[in-house]
Amino acid sequence: MTSVLVVEDDPIIRAALIEVLTAHGLVVRSSPDGFGALREITRWQPDAVVLDLGLPDLDGADALKMIRGLSQVPVVVATARDDDREIIRLLNAGADDYLVKPFSGGQLVARLAAVLRRCGAPPGLQGAPGAGDLGVSEPHGTPLVVGELRVDPNARTAHLAGRELGLTRREFDLLAFLAGNVGRVVSKRQLITEVWRQPYVDEQTVVVHLSCLRRKLGESASLPRYLHTVRGVGVKLVSPR
Ligand code: CA
């Protein structure tokens with residue numbers, strides 16, 4: 001069974017997280033502080049960690065670095081600030097993914113399922129109810145609309161302002177994944193796992209495909225509209241203002 005350590009000092013939030021994760025069939029332990037979390041990670045070796053960044057004893061990014069000094073366990077951080085610089089700092093400090101508070105139990109389960117899948121952890125959460133239909137990775141079903149961009153996963157077509165984009169299979173998959181994660185910073189590593197689904201693709205391949213996609217969207221890296229590079233981390237798709 002998949003085990004998860006919840007690190008959260010607020011007892012009400014902690015209880016709610018434990019409840020939702022347990023309901024999805026996970027074995028859960030918790031810690032109200034950072035040093036307790038480090039002890040649990042060493043002793044218990046959970047499959048994943050959910051780390052609140054506002055802890056009483058350690059700064060969130062420091063806690064993350066200390067965890068990385070001990071273990072490569074996947075870590076999903078929960079931050080109160082929806083700010084690119086903060087998120088880049090966390091991803092650089094070793095977070096595998098992040099959630100901005102407030103988030104739903106469903107979002108948490110979906111993020112955990114995605115990081116566990118990327119990290120090749122034992123199955124358990126993937127098939128859990130509610131884990132697959134939350135739009136983290138699988139762009140199936142209804143068309144995704146971002147500004148004037150419309151991506152239809154069933155027809156495998158993408159239109160910008162009514163004009164079909166004529167994407168290759170890989171470009172379409174890339175765009176559909178980004179559209180399914182609109183507004184989120186997605187790392188190149190995440191794209192390799194979720195779009196290419198092969199471990200040995202190098203990041204330059206991703207860069208090249210992003211550049212082709214960008215050209216078909218009629219924009220450039222220096223004048224982005226939909227596809228924004230987040231230096232040192234990856235990209236995000238947004239609706240232009
Ligand atoms: Ca807190």
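Predicted model: local features only at pLDDT ≥ 70, side-chain atom pairs only at ≥ 80, totals over all residues.
A salt bridge, as I use the term today, is a side-chain nitrogen of Lys or Arg within 4 Å of a carboxyl oxygen of Asp or Glu. With that in mind, please look at Glu-171 and Lys-216, whose closest N and O atoms are 2.8 Å apart, so that the two residues form a salt bridge under the 4 Å limit.

Glu-171 belongs to helix α6, while Lys-216 belongs to helix α8, which covers residues 203-216, and the two partners are 45 residues apart, so that the bridge links distant parts of the chain. Is each partner buried or exposed, or something in between? Glu-171 has a relative accessible area of 5% and is buried, whereas Lys-216, at 28%, is partly exposed.

Helix α6, which spans residues 169-180, also carries Asp-173. This residue forms a salt bridge with Arg-156, and here the closest N and O atoms are 2.9 Å apart. Arg-156 sits in the loop between β7 and β8, and although the pair is 17 residues apart, it again links distant parts of the chain. Arg-156 itself is partly exposed, with a relative accessible area of 41%.

A further salt bridge joins Glu-40 and Arg-29, at 3.2 Å from N to O. Because Glu-40 lies in helix α2 (residues 34-44) and Arg-29 in strand β2 (residues 27-31), this pair ties together parts that are 11 residues apart in sequence. Arg-29 counts as partly exposed, at 37% relative accessibility.

How many salt bridges are there by this rule? The count comes to 8, and among the residues involved, Glu-8, Asp-52 and Lys-101 are joined into one network by bridges that share partners.

Asp-52 brings us to the metal site. The calcium ion is coordinated by an OD atom of Asp-9, an OD atom of Asp-52 and the O atom of Gly-54, at 2.3 to 2.4 Å. Along the chain, these donors follow the spacing D-x42-D-x1-G.

Now to the strands. Four of them form an open sheet in the order β6-β7-β8-β9, with antiparallel pairing. Which strands lie at the edges? They are β6 (144-146) and β9 (163-164), each of which pairs on one side only. Between β7 and β8 there are 4 bridges, and the bridge partner of Arg-150 in β8 is His-159.

Thr-157 is also found in strand β8. With a relative accessible area of 18%, Thr-157 is buried, because the limit for that word is under 20%. Leaving aside neighbours within four places in sequence, Thr-157 is in contact with Arg-150, Val-151, Asp-152, Glu-164 and Phe-172.

I will finish with the aromatic rings. The structure holds 0 aromatic pairs, but there is a ring with a charge over it: the charged end of Arg-184 sits over the ring of Tyr-98, 4.6 Å from its centre.

Definitions and conventions. Residues numbered from 1 in each chain as written. Heavy atoms only, no water. Donors = N, O, S within 2.8 Å, 3.2 Å for Na, K, Ca; no water. Helix = DSSP H or I, 4+ residues; strand = E, 2+ residues; numbered from the N terminus. Buried < 20%, exposed > 50% of the residue type's maximum accessible area, 1.4 Å probe, protein only. Phe/Tyr/Trp six-rings, centres within 6.5 Å; stacked < 30°, edge-to-face > 60°. Lys NZ or Arg CZ within 6 Å of the ring centre and 35° of its normal. Contact = heavy atoms within 4.5 Å. Pairing = 2+ DSSP bridges.
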